[in-house]
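Please read the following briefing alongside the sequence and the model. It begins with a loop residue and then moves on to helices and side-chain contacts.

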Amino acid sequence: MHNNNEQDNEMTSFSQDIPKNTKKTLNRLMKGLKQQYKKLLIVGISVLISSAAYACMPLMIGKAIDNLVNAISNFTGSESIFSMVTNAIATPVLVLVILSILNSLLTYMQQYIIASVGENLTLSLRREISKKINRLPLSYFDSHKTGEVMSKVTNDLEKVSVVMQVGFMQFITSSLTIVFTIIAMISLNPKLTILVLIFVGISAIATNFVSKLSQRYYGENFAAMDELSGKIEEVYSGNSVIKIFNQQSQVIEDVSKLNKNQFEANRKAQFVDFAIYPTIRFLGQLGFVATAIVGGIMTLNGYISLGAIQAFLQYVNQISEPVTISSYVIMSLQ
């Protein structure tokens, strides 16, 4: 009976850590970001430009390869081999270098600005929570452990900051990368694009399943952390009472049990991240293999150039990873 009550408490705590209405929760988050819309606008424009530049890079590499192949095919010996190679790849390589530098500078600027946005959002949330706590009735604190409240004010808000600084940027970048990559692939070869999108769709479905599984395990991990934090706070604040009633052994046993529960929950969550996600990425790479085989046959038959198929293979990797990242970030936001 005691174990059943504990399980019920854990499930209740777990359910509280999952938003009852994800859309409403995200809308509240967006309202919190409205105060920094100018910074977010700058970030959005820079991400748009950097994603477009990133999508153009494989095209430039493919162009350089095609120019080099044509130059070798038409080589008459009237000029040196070095001059022939230089003339063939000079322009694409120069454009590639410019795009790389532009992408790097914009990425640095994005990370710098979004870090400020994340910290300011966390600060505003802390202020709102502080006001909320001062308005809460005493009955709330009777039914919630102090350590649990402290965990939500500290650990949970740090998660918000991390998601804003890392996950939010990854989501925007990944989404735009997917759009620009699909446009570039269609311009190269629509038929191969359909083949790639089929495998990407399979990977996206599997990723969605894993994201829900990961959300469940991370929710359990947060709930277990709240329980552990609450117990530790009780032990430290009531240390003298524990000694008076000679309850040291019982307290050690209780803390060890909660610590073990948190360890198990965290291990499951980490397993999803470090074991299952590589499997999802493997599914995405199947599209790369299929594209390489079909593209190689098309190249031999003259339906697509060598540089174009090389660029296409790069795009397969560019679109597979963002799909996985986008689903992962959605789970993190939840």
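**Loop residue and overview**

Asn246 counts as exposed, at 59% relative accessibility, where buried means under 20% relative accessible area, exposed means over 50% and partly exposed means in between, with a 1.4 Å probe and protein chains only. The model is predicted, so local features need pLDDT of at least 70 and side-chain atom pairs count only at pLDDT 80 or more, while totals for chains, interfaces and linings use all residues. Residues are numbered from 1 along each chain as its sequence is written, and side-chain values use heavy atoms, with hydrogens and water left out.

**Backbone at Asn246**

- Asn246 lies in the loop between α8 (239-244) and α9, the helices being DSSP runs of H or I with at least four residues, numbered from the N terminus.
- The phi angle of Asn246 is near 55°, which is a positive value in a residue other than glycine.

- Helix α6, covering residues 146-188, has 43 residues and reaches 60 Å from its first C-alpha to its last, close to the 63 Å expected at 1.5 Å a residue; the expected span is 1.5 Å times one less than the number of residues.
- A kink of about 40° in α6 is centred on Val163, the bend at a residue being the angle between axes fitted to the seven residues ending there and the seven starting there.
- The axes of helix α4 (residues 81-135) and α6 come within 9 Å and cross at roughly 155°; such axes are lines fitted to C-alpha atoms, for helices over the stretch in contact, with angles running from 0 to 180 degrees between N-to-C directions.
- α4 and α6 are therefore roughly antiparallel to each other, a description that applies to angles over 145 degrees.
- The crossing of α4 and α6 is right-handed, meaning that the near helix is turned clockwise from the far one by less than a right angle.

**Asn87 in helix α4**

- Asn87 has its place in helix α4 and counts as exposed at 56% relative accessibility.
- The C-alpha atoms of Asn87 and Leu68 are separated by 8.9 Å, although these residues are 19 residues apart along the chain.

**Salt bridges**

- The structure holds three salt bridges, each defined as a side-chain nitrogen of Lys or Arg within 4 Å of a carboxyl oxygen of Asp or Glu.
- Arg216 forms a salt bridge with Glu220, with their closest N and O atoms 3.4 Å apart; being four residues apart in helix α7 (residues 190-237), Arg216 and Glu220 are separated by about one helical turn.
- Arg216 is partly exposed at 42% relative accessibility, and Glu220 is also partly exposed, with a relative accessible area of 22%.
- Arg267 forms a salt bridge with Glu264, with the closest N and O atoms 2.6 Å apart; these two residues are three residues apart in helix α9, separated by about one helical turn.
- Arg267 is partly exposed with a relative accessible area of 47%, and Glu264 counts as partly exposed at 25% relative accessibility.
- The side chains of Asp254 and Lys231 meet in a salt bridge at 3.8 Å, N to O; Asp254 lies in helix α9 (residues 248-300) and Lys231 in helix α7, so the pair ties together parts that are 23 residues apart in sequence.
- Asp254 counts as partly exposed at 25% relative accessibility, whereas Lys231 is buried, with a relative accessible area of 16%.

Note on methods: Angles under 35 degrees count as roughly parallel, over 145 as roughly antiparallel, 65 to 115 as roughly perpendicular and the rest as oblique.
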